[in-house]
Amino acid sequence: MHIHAYERFWIVLMTVVLAVFLGAVVYAAYGMGIQVPTDAGQVSPDQLASAPPFNEPGVKDLGGGFYQVVMLASAFQFEPGEITVPAGSDVEFVLTSRDVIHGFRVPGTTINAMVMPGQVTRILYRFDEPGEYTFMCHEYCGTGHHVMSGRIVVTAQ
Amino acid sequence: MTRANAAGSLSPDIPYVPAGSRRIILAYLTLAMVALALGGLVGPFQALNSIGVNLYDYLPVTSYYHGLTLHGVLLVLVWTTFFIAGFLSLVTIHGFQRPLSSRGLERLAFWSMTLGLLVAAVPILLNRATVLFTAYPPLRAHPAFYIGLALVVIGTWLLSANVFLTYRDWRRENPGKRTPLIAFGAMVTLAMWDLASLGIAVEFVALLIPWSLGLVEGTNVLLARSLFWFTGHPIVYFWLLPTYLSWYFMMPKQVGGKLFSESLARLAFLLFIPMSLPVGFHHQYTDPGVPTSWKLVHAFFTFVVFFPSALTMFTVLASLETGGRARGGKGAVGWFFRLPWKDPSVTAQLLAMILFALGGISGLINASYNLNLSVHNTLWVVGHFHLTVGTAVTLSFMGITYWLIPYLTGRALYSPGMARLQAWLWFIGMALMGRGQHWLGILDAPRRTMLSDAPYYAAEWLTPSYLVAAGGIVLTVSGFLYLLNMALTAWASRVPAQVEVPMAEPLQDEAAMPVALDRLRPWVVGSAILTAAAWVPMLWYMTVAHPWTIRGFTMW
Ligand code: HEM
Ligand SMILES: [Cu+2]
Ligand SMILES: [Cu+2]
């Protein structure tokens, strides 16, 4: 099989470029700790009233700058819809859905995840600076989808 | 090739294509264009909605999301699939220089697809299936929606069975001959699709149809979603391979050049069979329930599938260059301007390639695992696929019809000037809209959202939204000119067409091409093994360990 010299050069070049890009992605994941959601377990949407931690949605201060936010998504709201944590806290979000698939996106952060009935979504994020964030549902969930949003307030310590 | 009779009506005499096949091919293409017209009509309403102009009172749909379901299903599922069915039928017949092997199968495939389309269209139009084209459960549509779409998929299988039977008959009479290039392209496309479509077939038949009929109470949401993306990524190669078929094996002829490297062209095509399948989890980077290890494996293969695309970029450009130079083009880029830009079919496809390069780059970003966190489900993604399926594929298909419809009807294209203008307007419109949508995505504007009524609409979203709205209007004009030209060609053109099916010849006669580059079976078997390794363990785990109890909802 004959391969033209320019084409051979192009193939090598593209292979190197793709390898470098992939290397950067893997480095960001394991060197810098920017990870995507993983399997965090399953929970039946019919048993949320009795299944910890979802029986108590809200913000929990775990001490030492650690917070846990337990959140339930349903058409067309988040519970809780507003969260306050101090700057510098490490927050673990634990979410699931009561009904259809929803999304959880906090613009200006790396928080971007799907929230599904039957599945537990777990996200870790550190809020360094005081300020306000709007979060929204970014997966179509019905006619009221575009109003489904909430607020995170990060207070100065 | 065309005889004008005394009354001035034209009756084309197309080599190898029986009259019945010609009618079926034209019917596929007509249905595709009807879908393009209806689905496209909703586009400008969506585009204007992003600047807060809500014109939905003037559109006979119940909600923004009802319109978006129509837009998505009609364009990305119907326009593409029906065009491809017609185009690949002709390509197979012309490539093998013989009719399809089974007239019965040919008709059955057509009626399965068409009946399926009608069955699915009823609940969609009546707002009983406002689940968007992805149809993620537990949003639950009317059963007819899933049944209709399943029939469409079955129709594509019948069509591919017929194509493979035709190959078998051809091979029997031509032992030792190399498969004609265009027919080879059609077979690779369909082989890839047959494997790929198993995911959605299982999802609909085993999960969603019984569930929507009420035969079972609950379903497995993540399993269904994963099966959807098993098909949902390779479906883009079901759209792209017919496009590549035209770019590789037809356009060199249209520009007066030759195919630069036959063996690398065949290799690139064949590589898409194994490489397009083990990648679907790249649509689920942000999903719970899927371990990061599986997401990374699919991220890796997604990078690998860029490789045949890179081969394509080289070979297609090099082939075009042979044409540009043969026409007297000089210098490093001068040949590009010497290409026959007067031919609207060429113009449309060249412009499609340019935007495809940009869409490919944004695709690389989507593919990049954690980088996906900054764009997932934002309008960035919408910008990406309007440059790819909405332009690279759609504008190329339009370009193909500029010779294909005259070829099939025997009537010359009504207005080549209008066709050239149309192609440029599509290019400009998509460039504007794509720029706006990518920008909006970087500013975190969510997709699939009625932004005009969103309480969190950010002031900084307005400027890029104007680009979207402006692009949307230009695109609407372009789409209208396209359909007008097609209608005038079919009903008002009185000039006999002078067109042939363009078939490129290789630059060099590669006598020593490896025989594996002319065989499908080893590639299909290898792909099946790779696909099983990349999917079955996780799908099995979901089947046994994830809840099957999720009830359906109608949220619209
Ligand atoms: C007149 C030309 C077009 C305009 C103005 C247009 C505009 C838009 C806009 C603004 C959206 C975003 C809606 C949202 O996320 O809320 C959208 C979505 C979409 N468009 Fe287009 N579009 C056009 C043509 C096309 C074509 C030709 C295709 C494909 C062949 C296409 C495929 C899609 C798909 C698949 C979606 C996503 C649907 C979903 O999220 O369920 N569009 N379009
Ligand atoms: Cu939503
Ligand atoms: Cu994909």
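Below are my entries, grouped by the places I looked up.

**Ground rules**

I am working with a predicted model, in which local features need pLDDT of at least 70, side-chain atom pairs count only at pLDDT 80 or more, and totals for chains, interfaces and linings use all residues. Residues are numbered from 1 along each chain as its sequence is written, chains are lettered from A and ligands numbered from 1 in the order in which they are written, and side-chain values use heavy atoms, with hydrogens and water left out.

**Chain A, the overall layout**

I looked up the domains and found domain 1 (1–35) and domain 2 (45–155) in chain A. Such bounds come from an automatic or database domain assignment. The C-alpha centres of domain 1 of chain A and domain 2 of chain A are 36 Å apart.

**Around ligand 1**

Which residues are closest to ligand 1? I noted B:Tyr64, B:His71, B:His386, B:Arg447 and B:Arg448, out of 26 residues that surround ligand 1. A residue belongs to this shell if one of its heavy atoms lies within 4 Å of the ligand.

I then asked where the shell comes from. At least two residues each are supplied by α1 (19–49), α2 (64–96), α14 (379–409), α15 (416–442) and α16 (462–491) of chain B. The biggest giver is α2(B), with six residues. Helices (H or I, at least four residues) and strands (E, at least two) are DSSP runs, numbered from the N terminus.

By type, the shell holds 15 nonpolar, nine polar and two charged residues. Here Ala, Val, Leu, Ile, Met, Phe, Trp, Tyr, Cys and Pro count as nonpolar, Asp, Glu, Lys and Arg as charged, and the others, Gly among them, as polar.

A side-chain N or O atom of B:Tyr64 is 2.5 Å from an oxygen atom of ligand 1, and for B:Arg447 I found 3.0 Å. A polar contact is a pair of N or O atoms within 3.5 Å; within protein, one must be able to donate a hydrogen and the other to accept it, and residues adjacent in sequence count only if both atoms are side-chain atoms.

**The iron atom of ligand 1**

The protein donors here are B:His71 (NE2) and B:His386 (NE2), 2.0 Å from the iron atom. This pair links distant parts of the chain: B:His71 sits in helix α2 of chain B and B:His386 in helix α14 of chain B, 315 residues apart. Donors are N, O and S atoms within 2.8 Å of the metal (3.2 Å for Na, K and Ca); water is not among the atoms, so sites may look incomplete.

Why do I call the arrangement octahedral? The six donor atoms around the iron atom of ligand 1 subtend angles of 85 to 180 degrees, and that makes it so. Six donors count as octahedral if opposite donors are over 155 degrees apart and all others between 65 and 115, while four count as tetrahedral if all angles lie between 85 and 135 degrees.

Both B:His71 and B:His386 are buried. Buried means under 20% relative accessible area, exposed over 50%, and partly exposed in between (1.4 Å probe, protein chains only).

**Two copper ions**

For ligand 2, I listed A:Cys137 (SG), A:Glu139 (O), A:Cys141 (SG) and A:His145 (ND1) as protein donors, 2.1 to 2.5 Å from the copper ion. The four donor atoms subtend angles of 86 to 126 degrees, so the arrangement is tetrahedral. Along the chain, the donors follow C-x1-E-x1-C-x3-H. A:Cys141 and A:His145 are buried.

For ligand 3, the copper ion is coordinated by B:His233 (ND1), B:His282 (NE2) and B:His283 (NE2), at 1.8 to 2.0 Å. The spacing of these donor residues is H-x48-H-H. Is B:His283 buried or partly exposed? B:His283 counts as partly exposed because its relative accessibility is 24%, whereas B:His282, at 11%, counts as buried.

**A link between the chains**

The side chain of B:Thr449 makes a polar contact with the side chain of A:His145 (3.0 Å). I found B:Thr449 in the loop between α15 and α16 of chain B, and B:Thr449 is buried, with a relative accessible area of 3%.

Most residues other than glycine have a negative phi, and most peptide bonds are trans. A cis peptide bond joins A:Pro52 and A:Pro53, with omega about 0 degrees. Another cis bond joins B:Pro137 and B:Pro138, with omega about 10 degrees. B:Ala135 has a positive phi, near 50 degrees, and lies in the loop between α3 and α4 of chain B.
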